[in-house]
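Please look over the sequence and the model below. The report that follows is brief.

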Amino acid sequence: MCGIVGYVGPRDCSDVLVSALEKLEYRGYDSAGIAVFEDNEIKTVKTKGKLENLKEKISTEGKPDGHVGIGHTRWATHGEPSDVNSHPHSGARVTIVHNGIIENYLELKEFLVSQGRTFLSDTDTEVVAQLLDYKYNGDPLETIDSVLAEVKGSFALGIMFKDFPDRIFAVRRESPLIVGVGDGESFIASDVPAILQYTRDYYLLEHDEIATLAADSVTFVDEHLQPIEKELKTADWDMEAAEKGGYAHYMIKEIHEQPTAIKTTIIPRIRDGLPCLEECGITLDKLKDFKNITIVACGTAMHAGMVGKYVIEDLARVPVNVDIASEYRYRNPIINKGDLVIIISQSGETADSREAMRLAKSRGAQTLAIVNAKGSSIAREADMLIYTLAGPEIAVASTKAYITQLSVMYLFAFELALAKETISVAECKRLVAALLKMPDAVEYVIDNCEEKCKYIATKLIAADSLLYIGRELDYALSMEGSLKLKEVSYIHSESYAAGELKHGTISLIDKDMPVIAVATQTDIIPKTISNIVEVKSRGAKVILVCTDTCARALDEGVADYVIEVPHCEELLMPISAVVPLQILAYYTAVNKGNDPDKPRNLAKSVTVE
């Protein structure tokens, strides 16, 4: 959830750390801080609030002057956001930054207190700092290894020892961490964009491996302190992809990047007009054997799974369950050997999704990961893997990662149906050809609907609560639209299957509750329209997202505002119809004065339970 960075090299360390943290602030913005070796002493500056607060404090109190240091941007777990709970945290001889959760911190804290240790903060992180200091024997690697044997949980640590002023140390368990290498300089970071302006070369730190970083060298040891060699990787993102590029916010930039993201994701997976997922470990022979599928995910990724369920069951006639990962893990799910469990996660580090995958594997299921972050934990551990090639997604609220998840689900469904012989080769080619047209459809929606969405958003800012309704695929789509709005606008919003309104929810409808309806599926549009009439007759203001053919057939007065999207292959409508819902959410947030890139209380990568 948090973001950590570290630097050793000839540059001004404070400048490097703050610049790197700017690329990670989407991971948390409750507080920020840096610690830098200055004249063989560790100088720490930290403060509550966003990174701008840290910059202001540095300009007021003075910038730590040195070439070795660590930094942190926090999403609060243990202890409220405050100056004292901000990272870095220190013992007498050790200073650390931490991403993750130490599950047994209370037990460790009680022991350390019994040994005369006192604590300044409420965080689990300070417990690790104090434990490192308590166990320190002059050898950093032995000390870190000793602490690893006692701590439980998920964590990535950047560590400075006071008597090693020319280097930093790093270790991870579950939480992500990379080690970057440049020309005479070394870095640690929670994610690749933090270091792209300095280097594209990096190592992935594995479970319980310890890295030692000096300016001219990086070395690694395993949990037994034995030296290990690692593969140097090169990021295929560039700085332009990770910057705003003239847009006011990352969120709207990433909405505009969706046509390209879809193309980049699907075109390499199509051969001779048919889906080809062999490079992902997926073949027609393998797909024939799957009789039950479970899709496990959280938040937006789960909504992509809901669309996947409808499409797979419709085309391939294979039963699909969609489970929230945090529920799936603990309800003793029925998993049969040979079942397929699909894990969807933008970051590939979502803790609940990762543990759900491990549970499924332990019971004999085959696992397929759909992730965006290369080399992430879920990507490495799954039996099969499809990358969504969305590029870096910086805004906390997912847009282009979601739309590429949809694109992958469609390709998978097409190939599964072909393997099950529930569609012909000709029909599969027709569907693939229709999918290839979707980037243009999305581009059209952006170009032709953005201004109207921007205007309609001004009508939402005074609402205390909203309702999204739809049926079948439109219901799955309304779930994502509702989540987007509540994430960034802070307006309470719920999605409901339109046919369920009369079973209780319609009692909430009055003139002050806007209703956003989605109607793109021709065979059920009359049913959805009847539900719209029900809420309209009770005073609701209705915003309708529908196809242009549906809009032309509407009776006047059915909806107060109509957003038309071009009619295309109806099975694929969620790809283009989600775009106005994303844009509505963005402009509602902006109109309310919110920062849509950094919604309160949220973080991009949920690496803790």
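Predicted model: local features only at pLDDT ≥ 70, side-chain atom pairs only at ≥ 80, totals over all residues.

## Helices α14 and α20

Two packed helices are described by the angle between their axes and the distance between the axes. Helix α14 spans residues 400–420, and helix α20 spans residues 573–591. Their axes come within 10 Å. They cross at roughly 165 degrees. Angles over 145 degrees count as roughly antiparallel, so α14 and α20 are roughly antiparallel to each other. The crossing of α14 and α20 is right-handed.

On the α14 side, the contact involves Tyr402, Ile403, Leu406, Ser407 and Tyr410. These meet Pro574, Ile575, Val578, Val579 and Gln582 in α20. By class, the residues of this contact are eight nonpolar and two polar, with no charged ones.

## Helices α8 and α16

Helix α8 covers residues 258–266, and helix α16 covers residues 438–457. The two axes come within 8 Å and cross at roughly 175 degrees. That angle is over the 145 cut-off, so α8 and α16 are also roughly antiparallel to each other.

From α8, the residues in contact are Gln258, Pro259, Ile262 and Lys263. Their partners in α16 are Pro439, Val442, Glu443 and Ile446. The contact of α8 with α16 has five nonpolar residues, one polar and two charged.

## Two buried loop residues

His249 is in the loop between α6 (239–242) and α7 (250–256). Is His249 buried or exposed? Its relative accessibility is 17%, so His249 counts as buried. Buried means under 20%. The side chain of His249 makes a polar contact with the side chain of Tyr586, at 2.7 Å.

Glu393 is in the loop between β22 (384–387) and α14. At 4% relative accessibility, Glu393 counts as buried. The side chain of Glu393 reaches the backbone nitrogen of Thr399 at 2.9 Å. Ser347 lies 46 residues from Glu393 along the chain. The C-alpha atoms of Glu393 and Ser347 are separated by 9.4 Å.

## A partly exposed loop glycine

Gly138 is in the loop between α4 (124–135) and α5 (140–148). How does Gly138 count by accessibility, and at what value? Gly138 has 39% relative accessibility, so it counts as partly exposed.

Gly138 and Glu556 are 418 residues apart in sequence. In space, the two are 79 Å apart, C-alpha to C-alpha.

Key
Residues numbered from 1 in each chain as written. Heavy atoms only, no water. Axes fitted to C-alpha atoms, helices over the stretch in contact; angles between N-to-C directions. Helix = DSSP H or I, 4+ residues; strand = E, 2+ residues; numbered from the N terminus. Parallel < 35°, antiparallel > 145°, perpendicular 65-115°, else oblique. Left-handed = near helix turned anticlockwise from the far one by under 90°. Contact = heavy atoms within 4.5 Å. Nonpolar A, V, L, I, M, F, W, Y, C, P; charged D, E, K, R; others polar. Buried < 20%, exposed > 50% of the residue type's maximum accessible area, 1.4 Å probe, protein only. Polar contact = N/O pair within 3.5 Å; in protein donor to acceptor, adjacent residues only side chain to side chain.
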